[in-house]
Amino acid sequence: MLGLGKKDTSLLLVVVALTMLAPFILNPFPSDSAMAQFNAGYPDLMQRFVIFGIFAIGFNILFGLTGYLSFGHAAFLGVGSYSAVWMFKLLSMNILPAIILSVIIAGLFSLIIGWVSLRRTGIYFSILTLAFAQMSFALAYSVLTPLTNGETGLQVNLDDPRVLGVSATADGSIPVTNLFGLEMRAAYDMAVGPWTFTFSAGYYVCALVMIAAFYLSIRIFRSPFGMMLRAIKSNQTRMNYTGLNPKPYTLAAFVISGMYAGLAGGLMASMDPLAGAERMQWTASGEVVLMTILGGVGTLIGPVLGAGLIKYFENIFSKINDTVLHSWFAFLPDGIEDFFVSIIHPFVGKGWHLTLGLMFMLVVTFLPGGLVEGGQRIAKAFRKKEDDKPKSPSTEPAE
Amino acid sequence: MDVFLTQILNGLDKGSAYALIALGLTLIFGTLGVVNFAHGALFMIGAFCSVFLQRLLNMSYETIDPTKTDFLGNPAVVKTPYVESWFGPETGAAIIDWSVPLAVLFAIPVMIAIGFIMERGLIKHFYKREHADQILVTFGLAIVLQEVIKALYGANPIQTPAPDSLSGVAVLAEGIVYPVWRIVYFFFSVVVIGAVFAFLQFTTFGMVVRAGMADRETVGLLGIDIDKRFTLMFGIAAGVAGLAGVMYGPINAPNYHMGMDFLVLSFVVVVVGGMGSLPGAVAAGFLLGILESFASMTVVTEIIPGINQIIIYLVAIIILLVRPRGLMGRKGVME
């Protein structure tokens, strides 16, 4: 179907089903139960799942296929966000032109950075991209304030021109982002018994975009171009000797992944029309690296899983405070209860980064293929069948 | 002229920090071939060594002084640090006052031990793996260390003041007034850098390490256990980063993410100096520090606004493109 193999088609269908049914799947607990805080089915978080999914899919096209580890990808996301907000300020609140512009600008930006950075490989490449991203971050914070509004971040205002739309709505407020009239924040609540499911227009727009992005990435993985990128990863010298110049291929991969990041940035601004410089900081670039590695680098579904997992932890895990912990261990005697709470306390709530860091270290050390490899290993153990299927791709960088 | 000198001085103290961190990074890279993203965290832990010592020295017992009352009319509670009761009030107060320099003595064994544990416990398993994996695992470790410190000491910066006699300003020449502690920091870093170089240059141990950096295999064939020596070098590198952190406390109050802030810049410094070149790392550290302070002069920022924010990165990009080996990089290292 759609030019995909049987396996890829079923993978795509699984992703489609998961994203379309996400409001149900992520809301397994009745809305007034004690477990309701583990529900992730609210629009804001679901949008972040898919947006960071797009970001990680794009990053994976570069890192997973060519092995070039970029530590500056957040710069493209930031650039995408800024261009989208400028579109909202100048043209109209329709998200389509905004997203198109953010993809184009991020593409151009990554073309320049990629053209320079890709002259070097390995650790030098990582540091060059890091330097470029930090430079963009510093510029966005200081000199480019007219363009980026510095520390405050770029926002839409009442007195913006918006030549194709209106500066202000009839009741004098800032118009909201929409897709040909469909407001992004429109949502429909469905109550089924004790459950409440929210269907948000913004989420479904993001989800459709992500499915398209996912489909495209499958096509890239299976194309001759994708094979070429893998060849670069496994042995660039040999590729040179066969008379092929790897540069255009790596540059194309870099620009494609930059455009994915721009798309994610544009979508992010479309859901919430503001853009800040902190989106470009190198820790944000580190986050997408974490997502991709955690999920499984070089695999199709891995980055999406990783993005979902990290965003879920960030939002849900960080909400667990001492009161919640005490209520969990309330069945234990007081002394033991306090003991358990004080042990778990540093790992949840504000300290969830600690859990993330530990998890990440464990994955890098023991499970280089990420969650996908973990899943494969478990599946293999269950099947107890000796199949000579190769392990999930390793994470060797280009040297 | 005065402006010129002041800018050089300004650059020197930042440059000293860059040089010390970059020196440690290069030591690790040159000996073990590991790209250590957790090095900034070691700098941060060093700074928190002095926070720890300061808290330790300020531990006090409470006595009730019946002759005084507090504002509620209750007898006033007087806190006396233990050190004051042990060594007498004056010596005790002096010890507390000098807690940052004392922390240097405290930090050396602690940091070397931390470096040792890190190398034996984690980094050892990553020698045979790709540089990307090394970057990733040390990046994860940096997050963990940072979060542990945050859990222990909170997210706010903690002041670690310099001793009273060193915290004022000095008049160096007519019109040039400069904080004493920053001058101390510069000389301290010169001493540490000198000590590391002397250690490598004039001791047998250092000679073996240098030989190992040049050709690890041959040294191994000569029957020398080079791994053991390299582990100690990791400890020393951690110690250098820690000392840089301890002494940096009075300039910039320690907070849990100070390591990350310095890490990126130190990497840039290492790359500019040349991967694996110790003199290159030191020279590039001072050079970039001074360059940064010159770029932030108003005369310069009026011509090119914002140059002070990006000058280091800009220099790094230009250097990497025209002289990929860095200023003093050796041939054949990471090419």
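Predicted model: local features only at pLDDT ≥ 70, side-chain atom pairs only at ≥ 80, totals over all residues.
The radius of gyration used here is taken over C-alpha atoms, and the globule rule sets it at 2.2 Å times the number of residues to the power 0.38.

Take the contacts in chain A with a separation of 6 or more: residues 24 or more positions apart account for 74% of them.

Now the helix packing. Two packed helices are described by the angle between their axes and the distance between the axes. Start with helix α3 (residues 43-66) and helix α11 (residues 246-271) of chain A. Their axes come within 9 Å and cross at roughly 170 degrees. Angles over 145 degrees count as roughly antiparallel. α3(A) and α11(A) are therefore roughly antiparallel to each other. Residues of α3(A) in this contact include A:Q47, A:I51, A:F55, A:F59 and A:L62. From α11(A) the contact takes residues including A:T250, A:F254, A:Y260, A:L267 and A:M271. By class, the contact has 19 nonpolar residues, five polar and no charged.

A second pair in chain A is helix α12 (residues 282-295) and helix α17 (residues 370-383). Here the axes come within 3 Å and cross at roughly 10 degrees. Angles under 35 degrees count as roughly parallel. That makes α12(A) roughly parallel to α17(A). On the α12(A) side, the contact is made by A:I293, A:L294 and A:G295. On the α17(A) side, it is made by A:G370, A:L371 and A:V372. These residues divide into four nonpolar, two polar and no charged.

A:L11 is found in helix α1 (residues 6-20). Is A:L11 buried, exposed or partly exposed? A residue needs 20 or more other C-beta atoms within 10 Å to be buried, and 12 or fewer make it exposed. A:L11 has 16, so it is partly exposed. Leaving out residues up to four places away in sequence, A:L11 touches A:L300 and A:I301.

With 20 other C-beta atoms within 10 Å, A:R162 is buried. Its backbone also deserves a look. Phi of A:R162 is near 50 degrees, a positive value in a residue other than glycine.

Turn to chain B. It has 14 helices and four strands. Its C-alpha atoms fill a box of roughly 75 × 55 × 35 Å along the principal axes. What does the globule rule give for chain B, with 335 residues? A compact globule would have a radius of gyration near 20 Å. Chain B has 22 Å, which agrees. Buried residues make up 46% of chain B. Among its contacts between residues at least 6 apart in sequence, 75% join residues at least 24 apart.

In an unreviewed entry, the UniProt annotation "transmembrane region" covers residues 20-53, 98-118, 183-209, 229-250, 262-291 and 303-322 of chain B. Compare two of these spans with the model. Residues 183-209 are 96% helix and 0% strand, and their end C-alpha atoms lie 32 Å apart. Residues 229-250 are 91% helix and 0% strand, with end C-alpha atoms 34 Å apart.

Finally, the two chains meet. How many residues of chain B are in contact with chain A? The count is 32, and they are in contact with 36 residues of chain A. On the chain B side, the elements that give two or more residues are α6 (131-153), α11 (258-273) and α14 (307-322). α6(B) gives the most, with 14 residues. By class, the chain B side divides into 24 nonpolar, five polar and three charged residues.

Key. Residues numbered from 1 in each chain as written. Chains lettered and ligands numbered in written order. Contact = placed C-beta atoms within 7 Å. Nonpolar A, V, L, I, M, F, W, Y, C, P; charged D, E, K, R; others polar. UniProt positions renumbered as here; feature names shortened; annotations may be inferred. Axes fitted to C-alpha atoms, helices over the stretch in contact; angles between N-to-C directions. Parallel < 35°, antiparallel > 145°, perpendicular 65-115°, else oblique.
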